[in-house]
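The following note sets out a few points for discussion with colleagues. Please read it alongside the sequence and coordinates shown here.

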Amino acid sequence: MRIKIETKIGGVLLIFFIELVIFMYFVAAFNNRYDQNIHRLRKMTEKLQSVRSLQISLLQASMPANDFLIPGGNSRDDQENCMAICAKVESSIKKIENSKFYNADEKTLIKHINKKYMEFEDIASQIFSMPGAIGNIEAGKLMKKMDAIADDVVRDAENFYRFIYSEAERIEAESETAKVLLSLVILIGILVNIIFILGLWFFFKHTISSPITYLRDTALEIAHGDIEKRVDIKLKDEIGELGTVFNYMVDALKASEEDIRQNYQVQEILNTLLKISLEDLSLEEVLKKALVHLTPWSKVMPKGGIFLVEDKPGVLVLKVQQGLSAEIQTICAAVPFGRCLCGKAALSDEIVFSGHIDERHENQYKDMAQHGHYCIPIVSMDKKMLGVIVLYLEEGHQVDDKEKEFLYAVVNILTGIIERKKVEDELKKNEAYLTIILNSLPVGMVIIDSETCVIIEANPAAVKMIGVDKNQIVGKPCYQYICPAEKGKCPVRDLGQDVNGSERVLLKANGDRLQILKAVISIILKGRKYFLESFIDITDRKKAEEGLREAYMKLKEMQDQLIQAEKLNAVGQLASGVAHEVRNPLGIILQGVNYLEKRISGKEEDVSEILIMLKDSVKRADKIINALLDFSRAASLKMEPEDVNSILETSVSLVKTRFNLANIDIKMETKKDMPRVLADKNKLEQVFINMLLNAAQAMPNGGKIIIRSCDKKLEKITNGIGRRENDYFQTGENAVIVEIEDTGSGISEENLKKIFDPFFTTKGPTGGSGLGLSVSRNIVSMHKGLIDIKSQIGKGTTVTIILKIAQR
Amino acid sequence: MKIKRILTIDDEVNFGRLIKLNLELTGGFKVSTATSGRQGIELAKKIKPDLILLDILMPEMNGFETLEILKKDKDTAGIPVVMLTAKGDEASMAKVKQLCGELYVTKPIESSELKAKIEWVLKKKG
């Protein structure tokens with residue numbers, strides 16, 4: 001019968017309570033008895049004291065009685081003394097009589113004593129009332145009587161005391177007994193309680209604590225892995241029930257652990273299959289591996305195979321097997337849809353299960369061992385039958401939904417594997433084509449990781465261009481070869497440049513730089529971004545281009561020269577033609593004028609004046625013709641290394657002799673020992689003379705001309721100096737510089753712009769031909785030199801001529 | 001002072017005439033004119049002038065050819081020849097020098113200047 005643990009505890013506590021009550025009862029009872037005895041004893045003591053007091057007062061009273069017999073007594077004091085004692089006796093008797101402690105017998109005794117005492121007192125009063133009692137015989141008799149009464153009373157009192165005393169002794173003895181009994185009861189009670197508490201402790205330990213500890217220990221053992229452990233509690237209470245529940249729980253735990261183990265195994269198999277699916281193996285290798293890892297599944301035998309539908313539709317071909325006999329391998333090499341269990345699975349598109357060999361198992365051989373099967377169809381996403389997995393089972397195996405669930409999961413993975421492998425095979429084929437194309441292209445191609453900038457692939461053309469083994473290229477950062485100037489800054493990724501079609505440099509392994517034409521596109525490979533860079537070697541093309549450019553430049557230069565020469569030639573031809581045709585009539589006119597001058601000399605002023613005008617016009621026309629001829633003659637220069645200073649000196653002396661420069665101060669500030677210039681002396685002379693004459697003409701009222709010469713390095717880039725195509729001088733080139741400065745009227749800014757234009761003149765119709773500066777510039781240009789004029793109105797003009805130094 | 005005979009050879013008839021007028025007007029010269037090289041050579045041989053003024057650009061025989069013939073012919077080789085021409089290029093001047101022409105003067109020229117140059121050449125030739 002099951003007893004609740006609270007009932008047990010209640011019962012035990014009730015018994016303990018009853019025991020306590022009994023114990024208390026006994027203690028109280030014995031204590032009460034003891035108290036009573038004590039009370040009685042105290043009463044008895046009081047009684048004894050009262051009786052003793054009476055006895056003493058009686059003895060005291062009896063003493064004076066004797067005193068009466070002593071001669072000379074009976075004094076007043078004695079009398080009073082006696083009276084006091086008597087009062088004492090009376091008080092004692094009264095006290096005893098009034099005390100409730102005395103029983104009837106005792107009260108009778110005291111009454112008797114009182115009676116006798118009254119007699120005594122009576123005699124005493126008689127005696128005291130007798131004058132001169134001493135010596136009085138009567139009195140003597142009375143005294144003797146009184147004495148006898150006194151003795152009697154004292155005796156009675158003595159007896160009374162003894163009686164009371166014996167009573168007191170009895171009560172004291174009883175009281176002692178009660179005391180001992182009380183102590184005994186308490187002792188026994190304590191012992192009984194100790195035993196009882198021990199019993200309680202034992203009870204709790206046995207019924208609560210020990211089972212709980214046992215439960216805890218067992219739980220710990222189970223927690224530590226001893227799943228087989230069970231609790232053995234025979235108690236029929238809650239703890240017993242707890243044990244049962246605990247065992248049930250452990251059973252459930254064990255079952256669930258088994259479940260987990262099964263699931264774990266299933267999950268492990270699935271994980272392994274997933275891992276295998278990622279391996280870079282052929283389809284057959286992957287399927288074989290998958291099968292090998294599937295058959296350790298505890299529900300099946302380590303036997304099975306995987307069929308695939310190949311080129312022939314409707315037929316399963318055994319691709320991989322595990323532990324199959326040679327006979328069955330032969331029989332099941334190709335199974336048409338619908339035949340045997342596997343064929344039926346392929347046809348029905350559902351898992352076919354059999355617990356033993358039955359009529360559906362058409363493919364059999366003699367003495368085939370009993371077994372069951374799971375045949376699971378492998379169906380693609382687009383519902384295409386890919387194949388069947390066949391697994392062997394122990395005979396009598398029961399079909400299980402969970403197992404089917406697992407098998408569907410397996411098949412899902414296998415479907416993925418098969419489909420992916422097929423795609424991969426296709427891709428590999430394409431990749432092979434692509435590789436052939438890439439490898440045969442004469443274009444260098446590299447694939448670069450967009451994040452790390454590392455080259456991950458390079459085709460043979462790229463390898464050849466870089467000029468080092470492929471393994472020295474792959475794995476290296478792109479800027480080592482591809483973008484040598486862009487280290488750390490990818491022009492495409494970081495600078496956002498469009499480099500397609502741009503001309504770049506490829507750094508070869510030997511340090512040479514290869515001119516390339518590049519294109520870059522972003523591609524995604526396996527989810528990662530890469531750059532596909534393709535480039536062609538354009539070194540030859542660049543060289544050809546450069547050659548072409550140089551040739552073009554030369555040609556252009558030559559053409560320019562030719563054009564210039566042709567122009568000059570044409571002008572020259574025209575000029576010489578015109579010169580002849582014009583000079584002849586001019587000659588006639590001049591001769592005519594000369595003749596007329598002589599004929600009319602001094603007679604007609606008007607005519608003379610007109611003749612002078614005619615003569616001037618003829619000279620002017622002749623001057624223009626001469627200038628035109630000069631202009632054309634510049635084409636033919638006789639270049640020799642010349643000393644500029646000596647040309648300058650000649651020019652100055654020629655100007656001085658030919659023209660009147662009396663009021664002009666010419667100052668030479670030339671540098672000594674200058675390098676020679678390549679020049680046509682006469683032409684350069686003509687230029688200097690032109691400049692000097694212009695300077696002189698700008699100072700009609702006199703002034704100063706400063707001629708400077710020096711050689712120096714040209715630093716400042718200006719018109720004609722620099723690294724441009726048309727620059728005559730390179731920056732940093734040494735050149736000879738001539739400056740002719742005047743303090744003349746200067747040239748306005750507007751005129752300065754036109755100053756080199758042919759036929760531009762500020763000298764008026766009679767002044768210049770307007771060709772002087774134009775011719776001068778032409779001559780300087782023919783010398784590959786530069787001429788520049790700077791001027792400020794009212795301050796003067798400076799002409800600077802820069803000439804090439806003759807190469808030794 | 002002995003009058004100097006001057007022969008002008010110039011296809012410009014008017015120019016020759018004016019030279020003649022101007023030079024003869026100064027009093028020291030007797031001028032004959034020819035209008036072509038051939039005519040000039042013939043005349044030179046015939047009259048043996050003291051100096052010949054020769055144009056270059058002429059039809060048929062130009063001044064250079066005429067000069068060459070004159071200077072090669074022993075009859076005329078000693079006669080100083082002043083080229084009086086509208087052609088003023090250096091190449092022509094060089095050629096004249098090479099052909100032993102005495103002076104090269106370009107048109108237009110003032111008669112006084114021409115006279116001075118003729119006198120200078122005559123003086124030089126002595």
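**Notes on the model**

1. Six bridges connect strand 9 of chain A with strand 10 of chain A (residues 513–525), and the two strands run antiparallel. Within this pairing, Leu506(A) has Leu514(A) of strand 10 as its bridge partner. The model is a predicted one.

2. Between the chains, 18 residues of chain A are in contact with 19 residues of chain B. On the chain A side, the elements giving two or more residues are helix 12 (539–600) and helix 13 (605–633). Helix 12 of chain A gives the most, with 15 residues. By class, this side of chain A comprises eight nonpolar, seven polar and three charged residues.

3. Helix 15 (residues 681–697) and helix 17 (residues 772–782) of chain A pack at an angle of about 145°, their axes 9 Å apart. The crossing of these two helices of chain A is left-handed.

4. Which residues meet where helix 15 of chain A contacts helix 17 of chain A? Helix 15 presents Lys683(A), Gln686(A), Val687(A), Asn690(A), Met691(A) and Asn694(A), and helix 17 presents Gly772(A), Leu773(A), Ser776(A), Ile779(A) and Val780(A). The residues of this contact divide into five nonpolar, five polar and one charged.

Definitions and conventions:
Residues numbered from 1 in each chain as written. Chains lettered and ligands numbered in written order. Predicted model: local features only at pLDDT ≥ 70, side-chain atom pairs only at ≥ 80, totals over all residues. Pairing = 2+ DSSP bridges. Helix = DSSP H or I, 4+ residues; strand = E, 2+ residues; numbered from the N terminus. Contact = placed C-beta atoms within 7 Å. Nonpolar A, V, L, I, M, F, W, Y, C, P; charged D, E, K, R; others polar. Axes fitted to C-alpha atoms, helices over the stretch in contact; angles between N-to-C directions. Left-handed = near helix turned anticlockwise from the far one by under 90°.
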